[in-house]
Amino acid sequence: MRIAITGAATGIGAETVKLFKTAGHEIFAFDIVKSDLADHWIEVDLADLPSIDAAVSELGGKFDVLINNAGLPPRSNNQVKLLAVNVLGLMQMTRSMCPKLAPGARIVNTASRAGLMWRENLDEVKALMSLTKVCEVENFVASRGIDPTRAYNLSKEAVIVYTKGLTRHLLDLDIRVNSVSPAPVATGILDEFMAALGDRAAAALSLPGRAASAEEVAKVIAFLASEDSSWVKGHDILVDGGVSAMVSAKELGFERGET
């Protein structure tokens, strides 16, 4: 397979590249940071939307898989760039790559359990997704008082909504799209996430007793990118060690140990 992946140099992206390389696939990595494992590195800043089109235009041939994995964590005063990369860049990468995807191709978007409140915030999500320029994101953030933590949650809500919203259109093009939503993952930026997301992230980590490994998430991405998942279409797959199930069980009145 020929695979295009963003955010390939570290964390979940790097582990995903390892899996695909072990299986003998050809990897095209789109990232600011070079991926040493990928066959081809295309330097691109996903906050610079025209640069995405320019980078993709240089590609020849058809691709079997697009993995939109790049994303920024919440950091001090980075809400504009975070939303630009995590949402506008992801959408632009998808639009640019679609004409280069072969019939039967698969798209996998990396979302997060932090995006599970998308239904409750749908109006704000749609307003964000309607933006087309980074300068519009600046106005959006200022007018709504969005801080970095809300920006991160909102960005992942948007990834889930975008995935579901694209499903029918892409199926008409013979392309499948799904997303994955990890809970905390043991990567180099885990501490930043925990500090920024606070009690919610701490609770999500305490229930299973540990964070996921990047490899555990990468294996789910690889499954969705394979033909083995041919009838999985338009879904957001939680990769959370049972966190959501345990939260639901508590809400439903089931206690630990009941069968």
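This briefing walks through the fold of one protein, from its overall build down to a few single residues. The model is a predicted one. The protein has 10 helices and seven strands, and the strands line up in an open sheet with parallel pairing. Let's start with the whole and then zoom in.

**The whole protein**

- Along its principal axes, the C-alpha trace spans about 55 × 45 × 35 Å.
- A compact globule with 259 residues would have a radius of gyration near 18 Å, and the protein has 18 Å, so the two agree.
- Buried residues make up 51% of the 259 residues.
- The protein exposes about 12,100 Å² of surface, and carbon and sulfur atoms supply 53% of that area.
- Take the contacts in the protein with a separation of 6 or more: residues 24 or more positions apart account for 76% of them.

**The sheet**

- In what order do the seven strands of the open sheet lie? The order is S3-S2-S1-S4-S5-S6-S7.
- Strand S3 (40-43) and strand S7 (236-239) stand at the edges; each has a single partner strand, so one side of each is left without a neighbour in the sheet.
- Neighbouring strands of this sheet are turned by 20° against each other on average, with direction ignored.
- Strands of a sheet pair through backbone hydrogen bonds, and they can do so in a parallel or an antiparallel way.
- S4 and strand S5 (residues 101-110) run parallel and are joined by five bridges. Within this pair, phenylalanine 63 has leucine 101 in S5 as its bridge partner.
- Helix H3 packs on the sheet, where it touches strand S1 (2-6), strand S2 (26-31), S4 and S5. The direction of H3 makes about 175° with that of S4.

**A closer look at strand S6**

- S5 and S6 pair in the parallel sense over five bridges. Here valine 108 has asparagine 178 in S6 as its bridge partner.
- On to the next pair: S6 and S7 run parallel and are joined by four bridges. Serine 181 stands opposite leucine 238 in S7.
- Is S6 mostly covered or mostly uncovered? It is mostly covered, with seven of its seven residues buried.
- In a regular strand the side chains alternate between the two faces of the sheet.
- In S6, Arg176, Asn178, Val180 and Pro182 point one way, while Val177, Ser179 and Ser181 point the other way, and all are buried.

**Valine 17, a buried helix residue**

- Valine 17 is found in helix H1 (residues 11-22).
- Its relative accessibility is 1%, under the 20% limit, so valine 17 counts as buried.
- Which residues does valine 17 contact, once its neighbours within four places in sequence are set aside? They are Ile5, Ala8, Ile27, Leu37 and Ala38.
- Valine 17 and threonine 94 are 77 residues apart along the chain, and their C-alpha atoms are separated by 19 Å.

**Loop residues to look for**

- Most residues other than glycine have a negative phi. Two exceptions follow, so have the structure ready.
- Asparagine 77 is not a glycine, yet it has a positive phi of about 60°. Asparagine 77 is found in the loop between strand S4 (63-68) and helix H3 (79-97), and at 68% relative accessibility it counts as exposed.
- Aspartate 174 also has a positive phi of about 60° without being a glycine. Aspartate 174 lies in the loop between helix H6 (148-172) and strand S6 (176-182), and with a relative accessible area of 45% it is partly exposed.
- Aspartate 48 has its place in the loop between S3 and helix H2 (49-57). At 34% relative accessibility, aspartate 48 counts as partly exposed.
- Aspartate 48 and aspartate 64 are 16 residues apart in sequence and 25 Å apart in space, C-alpha to C-alpha.

**Cysteines**

- A disulfide is a covalent bond between the sulfur atoms of two cysteines.
- How many disulfides does a search of the whole structure find? The search finds zero.
- Cysteine 98 counts as buried at 18% relative accessibility, whereas cysteine 135 is partly exposed, with a relative accessible area of 43%.

Key: Residues numbered from 1 in each chain as written. Predicted model: local features only at pLDDT ≥ 70, side-chain atom pairs only at ≥ 80, totals over all residues. Heavy atoms only, no water. Helix = DSSP H or I, 4+ residues; strand = E, 2+ residues; numbered from the N terminus. Buried < 20%, exposed > 50% of the residue type's maximum accessible area, 1.4 Å probe, protein only. Contact = heavy atoms within 4.5 Å. Disulfide = S-S within 2.5 Å. Pairing = 2+ DSSP bridges. Axes fitted to C-alpha atoms, helices over the stretch in contact; angles between N-to-C directions. Rg over C-alpha atoms; globule rule 2.2 N^0.38 Å. Areas by Shrake-Rupley, 256 points an atom, 1.4 Å probe, with all protein chains shown as cover.
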